Amino acid sequence: MQNTTNAEEVLVLEDGQTPPTGTTIPPRQPKWNDTFKYIANPDQFCRQNLQEYGPIFNTRVFGRTTIFVGSAKAIQMAFNGDLKYTEIALPATTMDMFGEYSLFQRPDLHRQRKNALAPGLTGRVLDGYTPHINDVIVRGIQDWATPSRLSLYPAVEKICFDILTPLLLGINLDDSDSATFKELPVTSKAELKALYKTYFDGFYGLSKWKSRFTKYGRGLLARAKLIEFMRAVVHRRRTEGKINPSADFLSMMLASQQENPDGVFSDELIENQCLLQLWASHYEISGLVSSLMYQLAQYPQVIQQLREEQATVLGENSNVNMFSPENLKQMVFLEATIKETLRILPPSSTASRQLTKSVVLDGVLYKKGCVLIAEPRLAHIIQEHFQQPEVFAPERFLPERGEGKMYEFIPFGGGVHACLGAQMAMVVTKVFASHVLQAFDWEATDEPKFVQFPLKKLKDDYQIKIIRRV
Ligand code: HEM
């Protein structure tokens with residue numbers, strides 16, 4: 001069976017054009033309680049409907065006719081329709097939270113903006129971030145008291161915030177240095193973090209009322225304050241003199257703007273992009289690292305294999321404080337293990353697109369106006385994509401088995417909107433895992449409980465037993 005779609009296989013219908021004879025529509029009647037069932041337990045929602053209807057089915061989640069797609073061909077169709085037959089499908093409230101200058105507001109400028117942003121998160125610039133990433137993790141895990149029961153997600157999240165905020169917002173977070181927040185409208189790391197949380201929560205408020213009494217309203221207020229903060233950070237950075245474009249993501253944008261004042265980067269885009277980037281990365285990476293540690297606690301033999309790989313990669317230097325980009329690239333089994341965690345516990349639930357035209361693929365009509373959700377929770381458990389999908393088997397991602405092909409493995413979405421930070425997420429998770437493998441033994445305690453929505457992550461009260469290794 002052919003698993004990928006040729007562009008010409010997708011028949012795009014003009015308005016009023018009749019679909020070919022014999023065309024069907026996706027199975028399943030949308031139900032009034034679909035949103036509730038999906039949000040309450042997305043894994044179960046996907047699994048049950050997959051069993052009953054197959055990998056493509058109709059729903060009514062979030063108040064609109066929404067077609068879930070899980071087969072590689074349909075996912076490819078969904079990911080590659082930008083400017084032809086799809087647009088990014090985000091509710092108006094979400095667009096408000098992103099702001100006028102985000103990556104999403106102007107589909108016509110999306111590619112140009114994204115290309116300009118990528119150098120700040122990939123390649124040599126990303127390699128240059130690894131000393132900072134190592135340093136923050138080494139200091140952060142030193143604070144983990146042992147032997148103890150560690151609340152896993154909050155412990156990881158605290159460190160991830162300290163890694164990402166300096167890299168993305170271009171600020172040092174050291175509260176004990178009086179220069180850190182001098183002349184800025186936010187006065188401490190705790191205040192900044194709390195504002196960020198309010199901003200993040202605002203995306204998922206149920207009420208659209210702009211008021212202090214709603215999550216959405218408080219989110220917008222937090223957003224305004226964060227933009228004011230970023231404006232002051234940018235002003236301070238400019239007065240400090242020469243900007244090193246590879247120091248952090250903010251510097252990359254400021255340097256590019258200095259070089260080409262009429263280019264992509266306006267001040268508004270820079271401020272907004274810093275917010276978007278932290279929004280898109282912080283909770284996702286925290287979710288991934290903590291889920292990885294939770295998964296490994298179930299599989300001591302995988303921990304053993306990972307330690308053997310570390311010993312081979314590092315040789316004599318098996319007790320290091322700094323994993324270099326080269327070391328990280330050699331850790332292929334660790335990479336496979338992280339991918340397997342992303343397959344089984346994808347932090348991000350969905351990549352969604354709205355159809356601006358009707359299309360027909362494989363005799364199925366996807367009607368204009370419907371939303372398509374490419375769901376990793378479907379794609380990652382389909383037997384055609386993964387052998388024995390219910391088994392945790394990192395080796396499936398090694399070249400010999402070669403599972404995890406494009407459009408079958410989609411934790412980072414795909415197509416023109418594919419995640420911009422996938423490489424960065426992998427680097428942070430690899431460094432984190434390497435230090436933790438070196439420093440600790442750990443065991444799972446109770447049955448895990450997960451927050452399911454908007455991101456899948458362990459609940460804050462889930463603990464592991466942790467002991468420092470001699
Ligand atoms: C485990 C970590 C992460 C996961 C699971 C994740 C997942 C995703 C997913 C599913 C999408 C939607 C893709 C689509 O619609 O096709 C996305 C988009 C995006 N992500 Fe990530 N992400 C992660 C980390 C990051 C990081 C570290 C950054 C940047 C620092 C980042 C920046 C973005 C941006 C800017 C977009 C929008 C891209 C566009 O629309 O063109 N993400 N991510």
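Two residues are in contact if their C-beta atoms, placed from the backbone, lie within 7 Å. The views below show a predicted model.

**View 1. Val428 in the largest nonpolar core.** Val428 touches Ile133, Ile163 and Ile285, leaving out residues up to four places away in sequence. The core to which Val428 belongs has 81 residues, and Leu152, Met293 and Val428 are the ones that touch the most other members. Helix H11 gives this core its largest share, 14 residues.

**View 2. The shell around the ligand.** The ligand is surrounded by 26 residues, of which Ser281, Ala351, Gly413, Cys419 and Gly421 are the closest. Two helices give two or more residues each to this shell: H11, residues 267–298, and H16, residues 422–439. The largest share, 7 residues, comes from H11. By type, the shell holds 16 nonpolar, 8 polar and 2 charged residues.

**View 3. Cys419, one of the closest residues to the ligand.** Cys419 sits in the loop between helix H15 (376–379) and H16. Apart from neighbours within four places in sequence, Cys419 is in contact with Phe412 and Gly413. In the UniProt record, an unreviewed entry, the annotation "binding site" covers Cys419.

**View 4. Helix H7, residues 152–169.** The 18 residues of H7 reach 25 Å from the first C-alpha to the last, close to the 26 Å expected at 1.5 Å a residue. H7 is mostly covered, with 16 of its 18 residues buried. After the helix comes Gly170, which has a positive phi, near 70°.

**View 5. Arg469, in the segment after strand E13 (463–468).** Arg469 is exposed because it has 10 other C-beta atoms within 10 Å, and the exposed class covers counts of 12 or fewer. Not counting residues up to four places away in sequence, Arg469 touches Ala439, Phe440 and Asp441. From Arg469 to Ala433 the separation is 36 residues in sequence and 15 Å in space, taken from C-alpha to C-alpha.

Terms used
Residues numbered from 1 in each chain as written. Predicted model: local features only at pLDDT ≥ 70, side-chain atom pairs only at ≥ 80, totals over all residues. Near = placed C-beta within 6 Å. Helix = DSSP H or I, 4+ residues; strand = E, 2+ residues; numbered from the N terminus. Nonpolar A, V, L, I, M, F, W, Y, C, P; charged D, E, K, R; others polar. Core = buried A, V, L, I, M, F, W, Y, C linked by C-beta atoms within 7 Å. Buried ≥ 20, exposed ≤ 12 C-beta atoms within 10 Å, placed from the backbone. UniProt positions renumbered as here; feature names shortened; annotations may be inferred. Expected span 1.5 Å × (residues − 1).
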